[in-house]
Every structure is written in C-alpha cells, then in structure tokens.
Amino acid sequence: MQVVDVFGESIEIECRTCSECRESKSLSEFAMDTTYVRSKCKQCRKKSDDQLKILKKLYPYPDEITYRCPACHDSADDMRAKGYVKWRCKFVLHHCHKTGKFIAWVCHICNTGMSNLGDDPNIMRNAAALFER
C-alpha cells in the first residue's frame, strides 16, 4: 500500500501491528475504513464485535429520554445542545477490553476520553488532580 509520510515522501507499507494482539500482520489482514486501515486485525475485530454483541444483550441500551452519562451527567439532549454531530449524541457501551466486563453506558466523549487514558483509574485520578491544583 502506498502512503505519504509526514515529509510528503511516498512509501510502501506491507504490514501493520495489530493494536489488540500486537502481532505484525500483512495489510490484507486489516479492514480498510473510508480513509484509513483499521488498527485491529480482522480476527481481533471479530472477537471484539462478538464480545460487544453479548454485552449489549446483557445490558440493553438505556432510555435516551431519562438516561445521563454517569461520568459527565450529560443527557442526549445536552449533547445535541452542545452541537455534537448526530452519531456522537448516542451512548456507547464502555467495557474492559481485557476482561470483557461491562462498565457503563457513557457518552461518546467520555468513552473516548477514558479509552485515551488507557481505562486506568490511576491515570484518570492523576489527570483530575492537575485541574484541582
């Protein structure tokens, strides 16, 4: 696959490391999204999708009229009022990727934030402490 690096140079990429199993695999083992190659290999993505299907059956989607994100307390109406694009005004199932344990239905912004902090409570506490100085 031809890609352009940050310096504008065209380079050929033949493999990628899966963000889940950490194995280096051929690009054909990864699905292509609209503009990029996904970070999880097809095998890990299927496993993840299957896990989510099970969790969604056990923990049904909450009522959007009364439900609030347990992290930021936003409702779906609050998200719309903030001008979030339509697909970000939904609650997403947040879960532990290692254990498969359900955590909560949270808003897209909180889900992304917690995931970017590695779902690590210690890192989240440290980040919060920066604002509490």
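1. Start with H95. Its bridge partner in β8 is F102. The two strands involved, β7 and β8, run antiparallel and are joined by five bridges. Keep in mind throughout that this is a predicted model.

2. The turn of this hairpin deserves a look. Six residues lie between β7 and β8, and G100 takes a positive phi near 80° in the hairpin.

3. Strand β7 covers residues 91-95. Four of its five residues are buried, so the strand is largely enclosed by the rest of the structure.

4. Strand β5 spans residues 30-32 and strand β6 spans residues 37-41. They pair in the antiparallel sense, over two bridges. F30 has C41 in β6 as its bridge partner.

5. Now the aromatic rings. The structure holds three aromatic pairs. One of them is Y59 with F102: the ring centres are 3.9 Å apart and the planes meet at 5°, so the pair is stacked. This pair links distant parts of the chain, 43 residues apart. Y59 is in the loop between α1 (42-58) and α2 (76-81), while F102 is in strand β8, residues 102-107.

6. How exposed are Y59 and F102? Y59 has 34% relative accessibility and counts as partly exposed. F102, at 18%, counts as buried. The cut-off for buried is under 20%.

7. Y61 and W105 form another aromatic pair, and this one is edge-to-face. The centres are 5.1 Å apart, with 75° between the planes. Y61 lies in the loop between α1 and α2 and W105 in strand β8, so the pair ties together parts 44 residues apart in sequence. Y61 counts as partly exposed at 38% relative accessibility. W105 counts as buried at 7%.

8. A disulfide needs the sulfur atoms within 2.5 Å. C69 itself is buried, with 0% relative accessibility.

9. C15 gives another case. Its closest cysteine sulfur is in C21, 12 Å away, too far for a bond. C15 is partly exposed, with a relative accessible area of 42%. By the distance rule, the count for the structure comes to zero disulfides.

10. Step back to the whole fold. The protein chain has four helices and eight strands. Along the sequence they follow the pattern β-β-β-β-β-β-α-α-β-β-α-α.

11. Next, the overall dimensions. The radius of gyration of the protein chain is 18 Å, whereas a compact globule of 133 residues would have one near 14 Å. The C-alpha trace spans about 50 × 40 × 30 Å along its principal axes.

12. Last, burial and contacts. Of the 133 residues, 23% count as buried. The accessible surface comes to about 9,800 Å², and 56% of that belongs to carbon and sulfur atoms. Among contacts between residues at least 6 apart in sequence, 29% join residues at least 24 apart.

Terms used: Residues are numbered from 1 along each chain as its sequence is written. This is a predicted model: local features need pLDDT of at least 70, side-chain atom pairs count only at pLDDT 80 or more; totals for chains, interfaces and linings use all residues. Side-chain values use heavy atoms; hydrogens and water are left out. Two strands pair if DSSP finds at least two bridges between them. Rings of Phe, Tyr and Trp (its six-membered ring) pair if their centres lie within 6.5 Å; planes under 30 degrees apart count as stacked, over 60 as edge-to-face and the rest as tilted. Buried means under 20% relative accessible area, exposed over 50%, partly exposed in between (1.4 Å probe, protein chains only). The radius of gyration is taken over C-alpha atoms; the globule rule is 2.2 Å times the number of residues to the power 0.38. Contact means heavy atoms within 4.5 Å. Accessible areas come from the Shrake-Rupley method with a 1.4 Å probe; for residues, only the protein chains shown count as cover.
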